[in-house]
Amino acid sequence: MGDGPPSIWEWIARNWDTGRVDSIRNLLTDHLTMSLVPILLSLVVALPLGLACVRWRWLYQPTSGLMNIVYAIPSLPIFMLLISVTGLSQTTVIIPLTFYGMAVLIPAVVDGLGSVPDHVRQSAVAMGFTPLRRLLAVELPIAVPVVLAGLRVVAVSSISLVSVGALIGQGGLGSLFTRAYQNPFMPPVIVGIVLIVALALVADGLLVLAQRLLTPWVRARKGRA
Amino acid sequence: MITFDAVTKRYPDGTVAVDGLSLEAPTGEITVFVGPSGCGKTTSLRMINRMIDATEGQILLDGVPVQGIDPPTLRRGIGYVIQQAGLFPHRRIVDNVATVPYLLGWDRRKARARAMELLERVGLDSALARRYPFQLSGGQQQRVGVARALAADPPVLLMDEPFSAVDPVVRTSLQDELLRLQAELNKTIVFVTHDIDEAIKLGDRVAVLRVGGRLAQLADPKTLLSDPADDFVREFLGRDRGIRRLQFVSTAGLRLRTDLTVEEGFGGGTAEPWALVVSADGAPVGWVADARPDVLEPFGTFVHGRDSMRSALDAALLSPSGCAVGVDENGKVVGVATREALDEALAEAADG
Amino acid sequence: MITFDAVTKRYPDGTVAVDGLSLEAPTGEITVFVGPSGCGKTTSLRMINRMIDATEGQILLDGVPVQGIDPPTLRRGIGYVIQQAGLFPHRRIVDNVATVPYLLGWDRRKARARAMELLERVGLDSALARRYPFQLSGGQQQRVGVARALAADPPVLLMDEPFSAVDPVVRTSLQDELLRLQAELNKTIVFVTHDIDEAIKLGDRVAVLRVGGRLAQLADPKTLLSDPADDFVREFLGRDRGIRRLQFVSTAGLRLRTDLTVEEGFGGGTAEPWALVVSADGAPVGWVADARPDVLEPFGTFVHGRDSMRSALDAALLSPSGCAVGVDENGKVVGVATREALDEALAEAADG
Amino acid sequence: GGSTGGNPLDTTSAAPSGSASGGGGKAVVGSFDFPESVLLASIYAQALEAKGVQVDEKPNIGTREVVIDQVKSGGLTIVPEYNGNLLAFLDLKNTAATTDEVDTALQQKLPAELEVLDSSPAEDKDSLSITKDTQTKQSLNTMEDLAKVSKDMTFGGPPEFKERWEARLKEVYGIEFKEWKSTGATTADALKDGSIQVGNVFTTDPKMAANNLVALQDTKNIFPAQNVTPLLNKAAATDTIRTTLNDISAKLSTQSLLDMMQKIAVNKDEPATVAKEWLTTNGLG
Amino acid sequence: MSWLIAFFDWLVEFFGDPARWSGPDGIPARLLEHLEFSALALALAVLIAVPLGLLIGHTGRGEVVVVVSANLARALPTLGLLVMFVLLLGAASVWPVIIPLVLLAVPPILVNTFEGIKGVDPELRDAAYGMGLRGGQVLGRVLVPVALPLILLGCRLSAIQVVATTTVAAYTGLGGLGRFIIDGFATKDYARVVGGSVLIVLFALVVQILFALAQRVTVSPGVSRRLKVR
Ligand SMILES: Nc1ncnc2c1ncn2[C@@H]1O[C@H](COP(=O)(O)OP(=O)(O)OP(=O)(O)O)[C@@H](O)[C@H]1O
Ligand SMILES: Nc1ncnc2c1ncn2[C@@H]1O[C@H](COP(=O)(O)OP(=O)(O)OP(=O)(O)O)[C@@H](O)[C@H]1O
Ligand SMILES: [Mg+2]
Ligand SMILES: [Mg+2]
């Protein structure tokens, strides 16, 4: 080993793939798991809940109130309290992030379904769609852009929020921050921030791409306007 | 035939939107519901395909009460066209049109072929089929709406102010299109509008409703104009009732004089005060007064036999000669209707 | 007076919206710009208050080029009314109306008093003054828009399709209101519309523009209807041109016969084929044919001297007698216009 | 939090984790959230791996309070501990000071689920440290000296230090501070920039030298011996683990710990690399 | 159910301890610190984001800047920034905490302000210019009052995030309610963790209520359409 601290590139080269749990590569995979699972999970949970809120309007007020509160709870204490239940596992990070995701996605689903123009819904009814089929074939597809916009927010903030898990030893790339804090050294911080932002942007880009593929009618509209 | 039998609709908040409505919309005819805003037109229409259920009374479709039919099934057999067209923004035009065939489980290929055929029928270029609704103008969207309603060839068509969101020029062409289509298809159409001109133009029978959902008058347009049942209907029909009535008077019986035309280069000297100069190919050029044979005065034309007396009168009023020029479909002069001839025809019409 | 002197507007993207427009909008008159969508009406209007600056040529306000005036100052001296009224949603009606006075630094009390006065003038209840715009109907909002434009008593008023978003009934009343106001105030008004009927009703002079921003014709409405400059204008004026022209022909000169009226309970036996039954208080009751004196036939009326020949003709067409009943402002019969009298008057009108 | 009459959260997770089978096959090695602990854990982990044990590492978990809980419940198998701190944690009142005293006391106080192995000679003691500046200005050398002036001073250290030592410091030395600050890993920096005057820094912390800090002498032996001592979950411990870790403890010295920490803190070498190096040099890797 | 019971036990333990209510370590002091950090960060964010949003929304130039920077700022991990600024600036000052919080708070305010101004009905803008208002007057007298609900919404979202995230400040030794959480965790004192979290959530709720009140007071009833049509 040379004397004095390594350059950022040396540091990356040394730590990229050491085969140990805290190699950058492993942290990256952990980070991905801990952010992707909540994104998907929150979507899966928010869809039926959102639908329920649309179906039974009275549900929406309390649900959105609750979600407002959830959103106001800092992630850190939740992580800490959950440790005693779920232990030192990724679940501890995944659960709260899933709830944050729901807090964004439930309103998105409700708004998305609300964005279906009334005359479109009416004509679907008039053409003899059954309620379920109307939901699947007409209302949900039209809601996609709004839901995806919500999902983009969820994806980006999940990816960045995972890092707080480092304070309980489960932060994916966030552990680069705690490590660099305990043993003051800038490269890990830079690498951590850059990788997290990059991940977020890639996820965002993929969602934009998904939106283009799923909703050609929206893209075309922008193209002309 | 659609029969309203003492139908009443009371909304949960107590509003009586339709009150004891009884009428028939005969098979193969266009029945128009017209009336001021809030008079229950939409409600009445929607009770037919059970988007709204009647509170009292019943609606029969060829004698069968609609209450007995499962709503989605009922609706697939009834075309429905509304103001904003209600096209599905996420589906291409062709798939929009094929919606009901798909629902009915038609083969995809067959459904699309049917859709393409219909697009053509409503006067849309087949190149539009692969577009999305927002890429079409309002008028084009409305046409798609009509095509979609016709896709499964339903015997009944419900139309709720289908043309009220487009500008007047497009509106007129859509109305003409509908009349042309109906001449081919002979659907049973119930058409809602708040525009009395539209009602008169399109309706075989016009039902005027008053607020509260009561029927004020049900008659063919001509009767409506000449014999309004009461002040409400008279008021609703508005001004120009007399002139508009002429729309239903054909010019076929209008006596034309053929001795008032002269060729171009005419130098003056007939016994009549006015003569119509006609070009070599038979087109009208202008009126000349006997006194000033070198000045061409404006003229107005009507297609004899096709246009109504309203056009003929208008043509006469456009010219200082007071005479209307009758032409054929190709614009060739067939004769001149003098003021006397017009008076005669109008008097006859007023009597009838 | 507003003078357009060879004004051209070319947008950055190359669109020529207005092309060499020269015309004058005389002081104290309503000049209407009319034409199909995209013909440059809005652009022309907005160049007057420099919301858009002309590319070439210049616009003069009483001889002063607007280019030389600081835009906000210029605009405070010009009232501006647009389609959705453009009211400030966050201000009460009274403050909306007082906007320009506030800007001009008027005393708050005085500005509000002026606003209240104007609200009354445009026919709004003063109770509405403390409401917010969303609490008003579309027609009421439009009235507030007009009041706001008048607040600082500007000599010039620009109106861009101000009434096109409200329904036909309200629209008519707004038009009447404007004419009444203008009779009192004598502003120099430039009014944009795409509705030819509105143009003809409101305009002292009507400028018809064609797409590309070229002036097709500038004339008073009557001339426009009788003498369209070319096919474009004729087409644009649409059907019924002859009938609509009658709107500008007064019934004052229409010869009335007073010997055709009989009292109620009349048993038949005049020399004429038709007689008009009049009630004791002078109101018309119906026509009776000499042959069937017990059957009352429908009639049509016009206010003699006030209504136009169009109304008289319509009234005549409503009745099998072919005669129109002339009444005074109170609905009392003043005489009957026979078909001959009408023909005579129409012939005169066509000549003039 | 003992006063709540049992922690219901703990019962939920009391079952040992499935990985802790009886054989010598698997181990979860955890560490506290400071670099030396991470280093030691890495030494343990790599040595065990070399012996064919399947190791799962969970570095940087947090404080003793959290970590020991996890060892008890089986979430962790092994943690590098310090005998004195562990004892203080289990029994706050215990005043055992020397390595032997501490180890003996520890054996008595250790809960049934836990097991400690041999203590290593390597030691990393708690200290109350000040800057050289403060030392010269106020001529402070011992903790007794500090007691005279401490009322005007602000103390900084990890949050748990206050809980553990506030009462003892007052009782033994009469030391009371104007204010207690949680400075965590930045204690040394805080001392240097003057936002605190006294800090709790470990004696092997390379920041001591780097920042010109001196430790006050613990004349009354309040800070117990702090020999590196592996703490195990008894149920998951195997003989392979025991012998491997005892071998390590025997070879580890305070100086080698200091050397390794120097590499980590100054050269920014990775704990895992430094650990590997040491293991190889000592024929354990 | 044992969950709930424990939860309430902790709350009682935390809030019931009189010692908690005084001293530099007490609830009032920590609350005040938390308020200071959050308010400072939010104020700075408002000072940066609102004028920028107004400018970009009003002129229509630089829209891309808003979209990209907002997305980027959302992706920035607060903890990473915190550590970075501690390493750069030292742990003694508040700036290492404030800067990441400001970065966190700027995007929602910026985006909402921008969207609010941009979304004002063009007719309205037109009418304002047409009556002779100057650029600044149009912005100040028409656009801002009409866009105010959205601007306030942005501030509210930011405020809540800032309040929740200020917790992390405690990681670098600064005060605030996060101290209870970090210290409570370090000493396995769940009563403190729970108590601190509850305080933060209450804090966030109070912020929500304050913003709702501010909205009532500042937004014209004509915009919020709160009045019933008489
Ligand atoms: N769901 C409802 N609940 C209560 N009242 C209703 C409901 N739908 C309609 N109404 C009322 O019933 C009456 C008739 O409504 P309807 O929509 O049928 O009128 P319409 O003739 O179609 O009017 P428009 O020309 O404005 O479309 C109106 O007074 C309306 O306010
Ligand atoms: N900002 C602009 N940039 C480029 N072209 C423009 C712009 N504004 C208007 N145009 C074009 O200039 C022409 C005239 O526009 P203008 O708005 O004056 O028409 P208009 O007569 O008012 O039409 P409408 O009846 O639809 O309001 C149109 O072709 C329009 O597309
Ligand atoms: Mg309706
Ligand atoms: Mg325009």
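Predicted model: local features only at pLDDT ≥ 70, side-chain atom pairs only at ≥ 80, totals over all residues.
Ala, Val, Leu, Ile, Met, Phe, Trp, Tyr, Cys and Pro count as nonpolar, Asp, Glu, Lys and Arg as charged, and the others, Gly among them, as polar. Side-chain values use heavy atoms, with hydrogens and water left out, residues are numbered from 1 along each chain as its sequence is written, and chains are lettered from A and ligands numbered from 1 in the order in which they are written.

**Ligand 2 and its shell**

- A polar side-chain atom of C:Tyr11 lies 3.3 Å from a nitrogen atom of ligand 2, whereas the side chain of C:Ser37 places an N or O atom 2.6 Å from an oxygen atom of the ligand.
- For C:Lys41, a polar side-chain atom lies 2.7 Å from an oxygen atom of ligand 2.
- Taken alone, ligand 2 exposes 630 Å², and the protein buries 62% of that, with accessible areas from the Shrake-Rupley method and a 1.4 Å probe.

**Helix packing in chain A**

- Helix α1 (residues 8-15) of chain A packs against helix α9 (residues 186-214) of chain A at an angle of about 75°, with their axes 9 Å apart.
- Because angles of 65 to 115 degrees count as roughly perpendicular, α1(A) is roughly perpendicular to α9(A).
- The contact (heavy atoms within 4.5 Å) is made by A:Ile8, A:Trp11 and A:Ile12 of α1(A) together with A:Pro187, A:Pro188, A:Ile190 and A:Val191 of α9(A).
- The residues of this contact divide into seven nonpolar, no polar and no charged.

**Chains and assembly**

- Six pairs of chains are in contact, and of these chains A and E share the most contacts.
- Chain B and chain D do not touch, their nearest C-alpha atoms being 49 Å apart; likewise, no contact joins chain C and chain D, whose closest C-alpha atoms lie 51 Å apart.
- Chain E has ten helices and zero strands, and its C-alpha trace spans about 65 × 50 × 30 Å along its principal axes.

Methods:
Axes fitted to C-alpha atoms, helices over the stretch in contact; angles between N-to-C directions. Helix = DSSP H or I, 4+ residues; strand = E, 2+ residues; numbered from the N terminus. Parallel < 35°, antiparallel > 145°, perpendicular 65-115°, else oblique. Polar contact = N/O pair within 3.5 Å; in protein donor to acceptor, adjacent residues only side chain to side chain.
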